[in-house]
Structure formats: C-alpha cells, structure tokens
Amino acid sequence: MSQAHALSLVGLTKRYGSFTAVNDVSLDVAQGQFLTLLGPSGSGKTTILMAIAGFVAPSAGAILLDGREITPLPPEKRDFGMVFQGYALFPHMTVAENLAFPLRVRGMERAERDTKIRATLDLVQLSQFAERRPSQLSGGQQQRVALARALVFEPNLLLLDEPLSALDKKLRAELQDELKTLHRRIGRTFINVTHDQEEAMSLSDTVAILNHGKLIQIGAPDALYDRPRTRFVAGFLGKSNMISGRIAERIGATARVSVGATTLTQRLATGATGDTVLLSLRPERIALLGDGETAENMVEGHVSAWSYLGAGHSLTVETTDLGSLRLTLPTWRAPFAPAEGLTLRLGWPSDAAAPVEDDGDE
Amino acid sequence: MTGGYGPGPFARTLAWMAVIYLVLPITIVIPVSFTDQRFLSLPRDGLSLRHYENLITSAPWLSAIGQSAMIAVVSTLLAVIAGTLCAIGCWRIGNRTTEWLRALMLLPLIIPSIVYAVGLYRYFGALDLLGTFLGVVLAHGVTGIPYVVITVSAALSSFDPRLEQAARGMGASLSQTLRWVILPRIAPGIASGAIFAFIHSWDELVMVLFIASRSIVTLPRKIWDGINENADPTMAVVAVLLIVLTLSLLLLDGALRKRRDA
Ligand SMILES: Nc1ncnc2c1ncn2[C@@H]1O[C@H](COP(=O)(O)OP(=O)(O)OP(=O)(O)O)[C@@H](O)[C@H]1O
Ligand SMILES: [Mg+2]
C-alpha cells in the first residue's frame, strides 16, 4: 500500500462563457487529511471536485498531486476514488460486480479480486448483500456500496460529492460516524463536498468555505466557527448576531465600541479610533445576568420571541441600541419560564464577539 | 378508461370501420393460403395444405427465402453497428452539429424510397454494384440505420451520464466503458433497432426492383414477379409466413421493452 496523497490547487479558475463558476481558488490538502468544501448551492463545489477528478478542464490554474502537476491528465489516469452525488452505481451489476469493476479495469486476477471485494464489503458491513442489485438496497446501503467501490482499489485520494445528502437525518448521522471512523482507520486523503455545515464541522480536519466560486476562508472547524473572517462565514456556519459599531477609544488590545448610546468593551487587534467595526456574537456566548451579577458588556431588553429546543431555549431579546439579539440558554440554566415582554439583563465578556469583514453577504 | 364519456355510436362505427379497413387485406390472405384451387382464390370445396407443401418443396421459393434471410441478417448487422456507433457518438459529443447529424441520419425514413432507389441506381451503376448481393445489403443496411439510431438514442437519453464518469473515474478506458457499462445498459434499445432494421430489409421491394438484377431474388421480389406472371396461391402462403414472422418480431420487441421498463 502506498502513501496517502497531498493535493494542492493553485489559482484554479473555471469559466463557462462569461460566467465564472470557480474564481482563483488556491488551497492545500495535506496527506491523510479530511478536507470539506462547504458552500451554498451554486458556489462551485462540484466544479472544483470535478476539476480535481479530471472531468472538468480548468480555464486557468493548476492541480498538483504531491507537488507534480496533474492538470492535463485524463480522469482514468489519476487513480482517485470517487463517490458521486447520487452514487452512480451500475444498475445492471450486482454489488460484488460493482466492486469488481475497478479491479477488472486494472486486470486483476479473479481470486485476488474476490479476496479484495470480500474484505471491502466487510469494511462497510455489507457482506450479506454481495449478490443483490443496487435497486434492491436501501439508500444507506447504496451509499455504502458507492463508498466500498471507491475504496476497493485502494486509491490514495478519495473524492466525495455530497455522499450523504440523499439520506434522512438519522441515517446521515450514523454514516457520518462511519465515514469518520473509516477515514481514521485507512488513513487516506478525503476531499468531501457538502452544503450541510453540521456535516462539514463534525467530519473534517479542515473546512474550505466557498461563495460565488471564491474561497472565502479555510481552516479547522473550531477556528472558522470562533473566528469567522467575514459576515458570510459567520452566518453560514451556524447562527450569529451581527453588531455594527464605531471605535470610540482604544486601550491596548481592547477597544470601546459605541453602538448608538451603548458602549461595548471588545477585544480588538486592529482598527483605529473612528473606524466602523462589525462584530459577530454567537447566541450561546450571551449569558443571562442575575441580580447583582455583572459582565464586561451588559445590555437590557425584553423577550419578543422564544422557542423550546429540548436541550435549551432559543430567545430573541429586543434591545434599544443593539437591535434584536438571539441567545440560546441550556434548559437547566433558564431560571424562568420565558414569556413575551419579560425584561432580561444580558452580558458577555470582551472576547466573546469576533470582528468580521462586511462582505455584504448574509 | 374510468370517468369521461364513452364514444358515441357514430365514432364507434367509424373506428371499427377503420380497423376493418386496415386489417382485412392482411387477414384475407390467411384463408386464401388454405385454398384447394390452383389460382389465388378463397377455398371452395375444403381446406388444403397443398400450397404449403408446394412452398417447402419448391427450390425457387426456398432460395428466395434464403436470399431474403441472408440479406436481412447481414444488412441488419451493418445497420446495428453503424447506427449504434452513430447514436453513441452523437450522444457523447452532444452539440448543435450532432443534432443536425442525427436529423440527417433519419433522411432515408423521410424520403420516399423510390427517390432513394433512383439515386442508388445511378450511383451503384458507376460502382458496379448493381445486381450484386453486396449492393442490396448496402442499400438495406444504410436505409436500416435510422431505425437503430432512433431506438439507441432513446435508450441513451435515459442513460445516466454519471455512470460513464464513474467508470472513467475508476480507470476504465473508453472501450472498457463502452463494453461493460454503456452497451449493457442500451442493449434493449439496440435489440429493438435490430428488429426494425430486420423487418425493413425483409419486406423491402422498391430498391430491390431497381438495383437487383435477375440474379438476386428476394421474397418480396418473388411475390411481385409471381403476381405479374401467374396467380400462384403459394404467394398467399408466403404472405402468411411474412405476417407471422413480422408479428412475432414485434411481439419480441414488445417483450424486450417491457423487460427494460420493469
Ligand atoms: N457545464 C456548465 N455550464 C455552465 N454553467 C455551469 C456548468 N456547470 C456548472 N455551472 C455553473 O457553475 C456554478 C457552480 O456549479 P456547481 O455545480 O459547482 O455548484 P455546487 O456548489 O456543486 O452546487 P450544489 O450544492 O447545488 O451542488 C453554478 O452556478 C452552475 O450553474
Ligand atoms: Mg454540487
């Protein structure tokens, strides 16, 4: 078995006529990493994956595999495993025949083929379905056949295009776990595409966020969540309160930010007095202040809407200067039954919010 | 047929008259083939199998059947190979030009065959193909292509192009993809096309009259000659055989379609 591959995209661009589907995307995937391309529909995820697989010829830029350029190679010369959106299993073949396909292509002997197929079916727990046709399998089983078929010839890079999108929520969660375990066990490089932010966060070592064909931000899931670079990233990865203010005064690494008549204390690395700043404040970072409790930032407001989520409450609180703030509280921490008009005091520390660039995208 | 209004008596009568008008000339040959007379007529004193016997013992008729079958098989092969490749090629390239090309391939179906035959006559004369087996096979094969192009294109339109990508992505060459993925998926379409191309050659007369000399006598040609020379009831027997063969091929096609759709 050979090593897992490292892959780099350098200035990858794909134009269809005057429309730019992928715009100057550069990124690196290290050996054995799990990278997810995340973005809304039409952001160019599939196009990037198809360019990596060799089905789409880039208009500009290069694709490097372990430092060697592979941009002009046809797909059959790249030796990547691929799971297509919708699986693309061969309907006229049984599960075992589907798995045999890439091995037959490589001219492998029957006995060796059978051993490999059996081992791979065991890996995805489908041994008893070897003689069935894809149409006789459930969605989750088909998905695992597609995965097995992509793995059976031991590719060093696996490409997955929304492999779980056709499944219901419970099955999706199960297969997410399986995929993650599998990745850890076989140590190959995985490149996954999804528009489901939860899937991206739970599976990946690295997430690349795309919008309108551009790479907006790339990094570890927690880094992206805690320090989104732009308003789009903050809004796309979970929910966020957006607060727009002006720097009134700078004291070392923190700044006093005035929003209407309210002044906030905010940890801020850059920006001079008078600059406008946009802050992203996650709902779970806002605390409810009891009598006599204080925080670096405090505002008062009244509840305008709430919903019960089982594990917690989601509240919308109207404030005079900051507009409506959304916050989530664990059920056991909510000392009251929420009611409309109830007045609450909210607080958060100076490092709770993250400054973001305003890219005009929600 | 639930709900709605049933047809009125006028429409019903008209429909039945149309059916009879279409089917009667075909069915009339069945009793005629069992006639006990020596000329084309309905049976008078009883049914007889003598003309069936005559057919299977008559060398000229048997040779005509053999020639027709031979020509039909070879020209079907030609039509299937050329038509399938053309359909797959157009489908893979899939641009404006191939749309035109595909329309062009349907021309033999649209142009009256007599026009085609006149053209072939001039053309084959120059190539020394008149009156040869090869000439007839070429003519039938080429005019059989549209049937194959139509049925294979239909089969391809329901073929998931991602299957081809999947195969290529797993390292399959174009020919491996064709053999292991595309052809098995469109086999029912190819079979349908082959059946139609076969029927087309099997009962084609006009072109044969033009380009085949006395040395090539196909079954329709022999019937044609027979009608003009003597009213031998063996022709009715042959006609029955033609009907039976064509019907069973159509039924076969129906069965294949049903299996594909299942
Ligand atoms: N062959 C093509 N010709 C023209 N435009 C195309 C073509 N393929 C894709 N596009 C456009 O490129 C953009 C990116 O498409 P892509 O399929 O990569 O999106 P995606 O991020 O995978 O979306 P989804 O989540 O819906 O699958 C879209 O706006 C799409 O309309
Ligand atoms: Mg896509």
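## Around ligand 1

In this predicted model, a polar side-chain atom of A:Tyr16 sits 3.5 Å from a nitrogen atom of ligand 1.

## A:Glu162 and its neighbours

A:Lys45 also turns up beside A:Glu162, as one of the residues in contact with it. Leaving aside neighbours within four places in sequence, A:Glu162 also touches A:Gln85, A:Val193, A:Thr194 and A:His195. To find A:Glu162, look in the loop of chain A that runs between β7 (157-161) and α5 (169-186).

A:Glu162 is buried but has no salt bridge. A:Lys45 is its nearest side chain of opposite charge, at 4.4 Å, whereas a salt bridge has to be within 4 Å.

## The annotated span of chain A

An unreviewed UniProt entry lists residues 7-237 of chain A as "domain: ABC transporter". This span is 36% helix and 26% strand, and its end C-alpha atoms are 25 Å apart.

## Chain B

Now turn to chain B, with its 12 helices and zero strands. Its C-alpha atoms fill a box of roughly 75 × 65 × 30 Å along the principal axes.

Of the 262 residues in chain B, 40% are buried. Among contacts between chain B residues at least 6 apart in sequence, 71% join residues at least 24 apart.

Terms used. Residues numbered from 1 in each chain as written. Chains lettered and ligands numbered in written order. Predicted model: local features only at pLDDT ≥ 70, side-chain atom pairs only at ≥ 80, totals over all residues. Heavy atoms only, no water. UniProt positions renumbered as here; feature names shortened; annotations may be inferred. Helix = DSSP H or I, 4+ residues; strand = E, 2+ residues; numbered from the N terminus. Buried < 20%, exposed > 50% of the residue type's maximum accessible area, 1.4 Å probe, protein only. Lys, Arg positive; Asp, Glu negative; His and termini not counted. Contact = heavy atoms within 4.5 Å. Polar contact = N/O pair within 3.5 Å; in protein donor to acceptor, adjacent residues only side chain to side chain.
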